[in-house]
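Please take a moment with the sequence and the fold before reading on.

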Amino acid sequence: MAQLSRRGWGVVGLAIALVVFKLGAIAHLPIHASLARHDNLRYIIRATQLLDPHVPYDGLVLARQPGYPAFIAASSLLGLPLRFAQELVYLAAGVFLALSLQRWLQSARATGLFLLLYTLAPFSYHWNRQTLQEVLYLPLTAAILGVCLHLLKDHRQPRRFLLNALILGILLAGFWNTRPEGIWIVPIIALCYGYIALKQSCFASRTRFTTFTAASLLTVAPGVVLTSFLAWTTYLDYGLYHTYDLKAPGLRAAYSSLQRVAPERQRPQITVPAATRAEIYDVSPSFRRLAPHLEIPADDGWRAASCGLGVCDDYAAGIFFWALRDAVDSEGFYQSAPKTEAFYQQIAREVNGACERNWLDCQPQTWVSFVPSLSGNLVIPWLRRSGELGYQLTRSSLVLRLDSGLEDIELRERYYREITREAADFIEARSLPGNQVKDALITAVSQLYQWLFPVLLGLAVLGWLWGGLSASQGLLIGAGILLWCIVVRVLLVAYIDVSSWSVGAGDRYLRPVLPAFWLLMVIGLELGIRRWEKRKPPT
């Protein structure tokens, strides 16, 4: 026990040392100020609005989910610079996941290696300087995986099991309100609980069934309560019982009705093509009002943004959503939430009515409003893109960017400086000798990381091939959950890429599952080492 205790303290000591090193190394690196009206800047403005009790309704006030803006506002209220707060959350989630791994795997070397991979990942020096929801999404994913490991470990201890379920529920509540595609985590949680139900034989005992049911409710309840509370506050402020626009029934109904028209014209990444819009204008007076704002030159507005994603002859599906909203805003229908909802519902009634009268060639309505349905011509591109993105995941953590953050300085002064609580002298601080030494140290450590990572990945694959068959059932189940987490995310991002929105290299959307990938790496290395240690000596 003393030896195990020393190893445990060694892991804790390494974690503390890495956290102190990372926080010191990044202290001079500023948050990026980005002029992205519907993205980076939108989160900053929305966070500022959350601190103001009187914010009028407009076309962008509910454009994004509230989770990340609430985090920005909370860090400001606590007096923390946003750059420091984001790095601290990233590191805290990594340490928690590492300690979960230590308890589950009982290997200080594997836990230490995971801490090194997580903390010193080159991409993190740039990633945690963004004002994007994915910055919060990655540590939330890491923390959820850590709790899942505890659930697998404690499923025979009711009190711990219920406590872990409650913690998981709280994390999922934040996760659900941070990005719109939170549904992807549900199969991972379901797999975890499914294995526990089989392992416990929950239906064979009333007590076990009650405990399992209570844990399931504790996992779901915080998300329901938090989302309902946020929706209620939105209703009190604007008369709309939803957390953000994408959940509003009017917008969902209108977009769904537009998507169902002339399905034979739809092609990958274009769901409402120009020819289809022209037909809808003829039967929908409400939608026709938007034509001057939608039918614009290819080098203008959202058409130019769509061309930047590779679709220059029309609107990419993911771009058309924003173009539609802005067109409605330009027509003056974002003066109040009820007025906005009424206009969107009117479009839906007119288009659906034309479909029912056979004035338009339409497909049946679907319950998924913003996700194009899977067609046969998408299957091969989807699978091919999944393979490409899976390979990209192995390289996604290796990119190092230490740019100064000087761009958009006027924007920074106007919007970013106060809410992010960033020091005004960060420009001069970058040129100080001590900070230049930090940059050189970060670069050197990252170059070593970039050199060693492929070697460790190769050894991890060999470790799985050599030692995987001798692994315990619990270890294989845990690894299966991690692999399932990665597969679900990669398939989702690949489907978005081929159907509605070009994700490019995909790093922004893949990186939240990097903790699962690193865990699989260190487990593979540990299995290989254990198999090596148990090998028979030559006779």
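A cavity, as the word is used here, is a set of grid points where a 1.4 Å probe fits but cannot get out, and its volume is the space filled by probe spheres set on those points. The model is a predicted one, and in it the count comes to four cavities of 30 Å³ or more, with about 50 Å³ of space in the largest cavity.

Which residues line the largest cavity? The lining consists of Tyr57, Leu240, Asp245, Ala248, Leu251, Tyr334, Ala337, Thr340, Glu341 and Tyr344, which divide into seven nonpolar, one polar and two charged residues. Helix α17, spanning residues 337-356, gives the most to this lining, with four residues.

Two packed helices are described by the angle between their axes and the distance between the axes. For helix α5 (residues 108-119) and helix α24 (residues 514-533), the angle is about 150° and the axes are 9 Å apart, and the crossing of α5 and α24 is right-handed. On the α5 side the contact is made by Arg109, Ala110, Leu113, Phe114, Leu117 and Tyr118, while α24 contributes residues including Trp518, Met521, Leu525 and Ile529. Taken over both helices, the residues of this contact divide into twelve nonpolar, no polar and four charged.

Alanine 291 belongs to helix α14, which covers residues 291-294. Is alanine 291 buried or exposed? Because its relative accessibility is 15%, and buried means under 20%, alanine 291 counts as buried. Between alanine 291 and proline 381 there are 90 residues of separation in sequence and 32 Å in space, C-alpha to C-alpha.

Note on methods. Residues are numbered from 1 along each chain as its sequence is written. This is a predicted model: local features need pLDDT of at least 70, side-chain atom pairs count only at pLDDT 80 or more; totals for chains, interfaces and linings use all residues. Side-chain values use heavy atoms; hydrogens and water are left out. Axes are lines fitted to C-alpha atoms, for helices over the stretch in contact, and angles run from 0 to 180 degrees between N-to-C directions. Helices (H or I, at least four residues) and strands (E, at least two) are DSSP runs, numbered from the N terminus. A crossing is left-handed if the near helix is turned anticlockwise from the far one by less than a right angle, and right-handed if clockwise. Contact means heavy atoms within 4.5 Å. Ala, Val, Leu, Ile, Met, Phe, Trp, Tyr, Cys and Pro count as nonpolar, Asp, Glu, Lys and Arg as charged, and the others, Gly among them, as polar. On a 1 Å grid over the protein atoms alone, a cavity is a set of points where a 1.4 Å probe fits but cannot get out, and a pocket is an open set with protein on both sides within 12 Å along at least five of seven lines; lining residues have an atom within 4 Å of a point. Buried means under 20% relative accessible area, exposed over 50%, partly exposed in between (1.4 Å probe, protein chains only).
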